[in-house]
Amino acid sequence: KFTALELVDAHIKQAEKEKRLNIYITETFEQAREKAKIADQNYQDGKARTLEGIPVAVKDLFCTNGVKTTAGSKMLANFVPTYESTISKNIADHGTIMIGKANMDEFAMGSSNMTSYFGNVINPWKAKNSDQDLVPGGSSGGSSAAVSGFTAMAALGSDTGGSIRQPAAFTGTFGVKPTYGRCSRWGMVAFSSSLDQAGVFTRSVADSALMLQAMMGFDEKDSTSVNKQVPELLSACEKSVNGMKIGVPVDLMDMEGVSPEIIKMWKDSIEMMKSQGAEIVEVKLPHAKYALPVYYVIAPAEASSNLSRYDGVRYGHRTEKTGLNLEEMYIATRTEGFGEEVKRRIMIGAYVLSASQIEAYYLKAQKMRRLIANDFQEAYKKADIILLPSTPTAAFGIGEKQDDPIAMYVNDIFTIPASLAGLPCSSVPVALSGKGLPLGMQLIAPAFDEYNLLRASAGLERAARNIDFTPGGF
């Protein structure tokens, strides 16, 4: 009924109309139009690939050959890679067309998209009877807003401690992070190497199944890539959840700082899963309450190591001050190039790795990480999937929690445990708050069981089908 060029053009027009949302750091509209013409030719010639002509956004930490890749930082504001990340190449090889590089928290550090050097992204959603701009979540806020605001049909994101699931919940989109090692990290700007994992935002579970099949797979260029066959995932979206055991960690229902609306959605989601034929079982995650402090020791430690490469010598920003010795040049470059949140995490990381503190913090955090992973293994003896909220609240106002880093970090209390254990997880939009804002439910599967993760996600999606997750005015 329409051509790839018409489809791409429609999304470009929407991106131009919604400029105020600040979704893209770099737009690639003209290249997208040229690629759409090739896609149309492929359709005519009977050579169309699985994702031929689908317009996508790419989070700006995936290196794109010949297209600026900034990681949302002044440090890389003018960095143009001469190579392509494995994940962006994989989806392009299946026919996707990049509309632009999506805005993000600087070096993926943040839960609100307020730390980007290129300004914050605005959530396409607004609360009922309010004109206040809301955060789209972070760090993949540009990606979630791109899909929610109809400027892309899918968007690549990355998830370190919840950076796909939390923005998906805030924008009424479906977000999924596969098992650690399923997607290559080669060509991704590193934040925390043992936690970073590529994932995707779409408007339906089935769309994510198609994207994941294109993204996942072994890559010899990445030493953490796992050599496992990529499962066929689309059929999972049609399969009933009848007889599946859904684990509910009831011990987490009385956690501090969780909105009553979130608890209500959690209980309603349990009923939804029951209505689809699933069996509900109680499980315990006794060490989950320690996940937040564990994460904020391990992730900054790895970040301080990864970000030491930005020294003004090889690439990226370099101070223009003159007459400096080498150490002074390093200090001036890093002081100018990094934002406040990134500096905070580098300093925390350097501290917990220091000779006097490594045992008290870093080694202890690693031991606790193992206990958190063990809790999940125990839970999966009883359950096929674990059901938790994605966030403790709905989307909040821009600037609301900016002066209190701990209030900001608490956004990730439900998402971090699965990240520490390296498990595949998703966020499904299932409810609207009293103010008409989307709320998301998180599903967590055992390692490498993306099939049942999408099967359960699709079951929950079917149960919530009567709710419209289109932001007002779109």
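This is a predicted model: local features need pLDDT of at least 70, side-chain atom pairs count only at pLDDT 80 or more; totals for chains, interfaces and linings use all residues.
Let's start with the strands. The model has an open sheet of 11 strands with mixed pairing, and the order runs β1-β3-β2-β4-β6-β5-β10-β11-β9-β7-β8. At the edges stand β1 (24-27) and β8 (279-282), each with a single partner strand, so each has one side left without a neighbour in the sheet. From one strand to the next, the twist averages 30 degrees.

Strand β5 (residues 174-177) and strand β10 (residues 425-432) pair in the antiparallel sense, over 3 bridges. Here K177 stands opposite C425 in β10. Helix α14 packs on the sheet, where it touches β5, β9 (385-389), β10 and β11 (438-444). The direction of α14 makes about 5 degrees with that of β10.

**Helix against helix**

As a reminder, two packed helices are described by the angle between their axes and the distance between the axes.

| Helix pair | Axes come within | Crossing angle |
|---|---|---|
| α6 (residues 205-215) and α14 (residues 450-463) | 9 Å | roughly 160 degrees |
| α7 (residues 260-275) and α14 | 9 Å | roughly 100 degrees |
| α8 (residues 291-306) and α10 (residues 340-352) | 7 Å | roughly 100 degrees |

Take α6 and α14, whose axes cross at roughly 160 degrees. The two helices are therefore roughly antiparallel to each other. On the α6 side the contact uses V205, A209 and L212, which meet L454, S457, A458 and E461 in α14. Sorted by class, that contact of α6 with α14 has 5 nonpolar, 1 polar and 1 charged residues.

Helix α14 has another helix in contact, namely α7, and the axes of this pair cross at roughly 100 degrees. That makes α7 roughly perpendicular to α14. S269, M272 and M273 of α7 make the contact with A456, L460 and A463 of α14. The class count for α7 with α14 is 5 nonpolar, 1 polar and no charged residues.

Then there's α8 with α10, where the axes come within 7 Å. With a crossing of roughly 100 degrees, α8 ends up roughly perpendicular to α10. From α8, the contact takes in Y296, V297, P300, A301 and S304, while α10 brings R345, I346, I348, G349, A350 and V352. By class, this contact of α8 with α10 has 8 nonpolar, 2 polar and 1 charged residues.

**The cavity**

How many cavities of 30 Å³ or more does a search of the whole structure find? The search turns up 1. About 60 Å³ of space lies in the largest cavity. Its lining is made of A108, G110, S111, G161, S163, F191, Y295, Y296, R345 and D412. Those lining residues divide into 4 nonpolar, 4 polar and 2 charged. Y296 and R345 turn up in this lining and also in the contact of α8 with α10.

Some background first: most residues other than glycine have a negative phi, and most peptide bonds are trans. A108, one of the residues that line the largest cavity, has a positive phi, near 65 degrees, though it is a residue other than glycine. Where does A108 lie? In the loop between β3 and α4.

S139 lies in the loop between β3 (97-102) and α4 (141-148).

Key. Residues are numbered from 1 along each chain as its sequence is written. Side-chain values use heavy atoms; hydrogens and water are left out. Axes are lines fitted to C-alpha atoms, for helices over the stretch in contact, and angles run from 0 to 180 degrees between N-to-C directions. Helices (H or I, at least four residues) and strands (E, at least two) are DSSP runs, numbered from the N terminus. Angles under 35 degrees count as roughly parallel, over 145 as roughly antiparallel, 65 to 115 as roughly perpendicular and the rest as oblique. Contact means heavy atoms within 4.5 Å. Ala, Val, Leu, Ile, Met, Phe, Trp, Tyr, Cys and Pro count as nonpolar, Asp, Glu, Lys and Arg as charged, and the others, Gly among them, as polar. Two strands pair if DSSP finds at least two bridges between them. On a 1 Å grid over the protein atoms alone, a cavity is a set of points where a 1.4 Å probe fits but cannot get out, and a pocket is an open set with protein on both sides within 12 Å along at least five of seven lines; lining residues have an atom within 4 Å of a point. Grid points are joined across faces, edges and corners, and a volume is the space filled by probe spheres set on the points.
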